[in-house]
Amino acid sequence: MPNFRPLTSFLSRRQAALALTSALLTAPAWAQAEPQVLLKTSLGDITVALNEAKAPKTVANFLQYVRDKHYDGTVFHRVIDGFMIQGGGMDAAMKEKPTRAPIALEAGNGLKNDRGTIAMARTGDPHSATSQFFINVANNDMLNAPKPDGYGYAVFGKVVKGMDVVDKIRTVATGNRGMHQNVPITPVTILSATEIK
């Protein structure tokens with residue numbers, strides 16, 4: 001005589017199998033879909049994962065600059081320990097590189113300016129971000145929308161590898177250079193920025 005399992009046992013196993021299948025199908029797809037960029041710097045490598053779902057225009061803008069090799073040879077030109085490291089717009093002579101048109105601000109996307117996140121730098125105009133970005137080295141709640149000016153600063157990804165390199169950069173000696181403050185005395189250069197395929 002066949003050995004029948006109770007229906008409830010069968011259903012619970014089937015539900016567990018379906019849940020596992022669903023998790024296997026969705027989790028890796030999300031992980032693989034998240035673009036990553038490798039920033040090779042003069043102090044080591046930093047890998048950032050970009051959140052297309054929450055900041056699609058900002059991620060597209062950043063990736064276009066990466067593909068155009070805009071960041072290669074730029075420096076982290078503003079470094080403030082306990083706050084952030086900023087780069088992506090100037091060469092070692094503090095000459096600003098030409099950029100494309102600015103993008104619309106995506107600061108209200110729910111992503112916070114927490115330690116290890118990457119966000120767009122901008123002027124007092126909320127929709128002025130072009131190529132410059134910064135990596136938060138502390139939880140900078142005062143940059144989260146609507147602070148500090150009613151708009152906030154748009155986070156679009158996070159460091160997933162190389163936070164030790166970010167910490168090296170944040171502690172370099174800085175000084176004034178012309179009209180610029182908090183400039184590393186020894187330039188910290190982005191040697192290359194490439195998409196990780």
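Which residue is the bridge partner of threonine 117 in S7? It is lysine 158. The model here is predicted, with local features needing pLDDT of at least 70 and side-chain atom pairs counting only at pLDDT 80 or more, while totals for chains, interfaces and linings use all residues. Residues are numbered from 1 along each chain as its sequence is written, and side-chain values use heavy atoms, leaving out hydrogens and water.

Strands here are DSSP runs of E, at least two residues long, numbered from the N terminus. S5 (residues 117–120) pairs with S7 in the antiparallel sense over three bridges; two strands pair if DSSP finds at least two bridges between them. S7 also pairs with S2 (residues 44–50), again antiparallel, over four bridges. There, threonine 47 sits opposite lysine 161 in S7.

Now for the pockets (on a 1 Å grid over the protein atoms alone, open sets of points where a 1.4 Å probe fits, with protein on both sides within 12 Å along at least five of seven lines; lining residues have an atom within 4 Å of a point).

The largest pocket comes in at about 510 Å³. Of its 21 lining residues, His77, Arg78, Gln86, Arg122 and Gln132 are the closest to its centre. Strands S3 (76–80), S4 (84–87) and S9 (180–184) are the elements that each give two or more residues to this lining.

How values were computed: Points joined across faces, edges and corners; volume = space filled by probe spheres on them.
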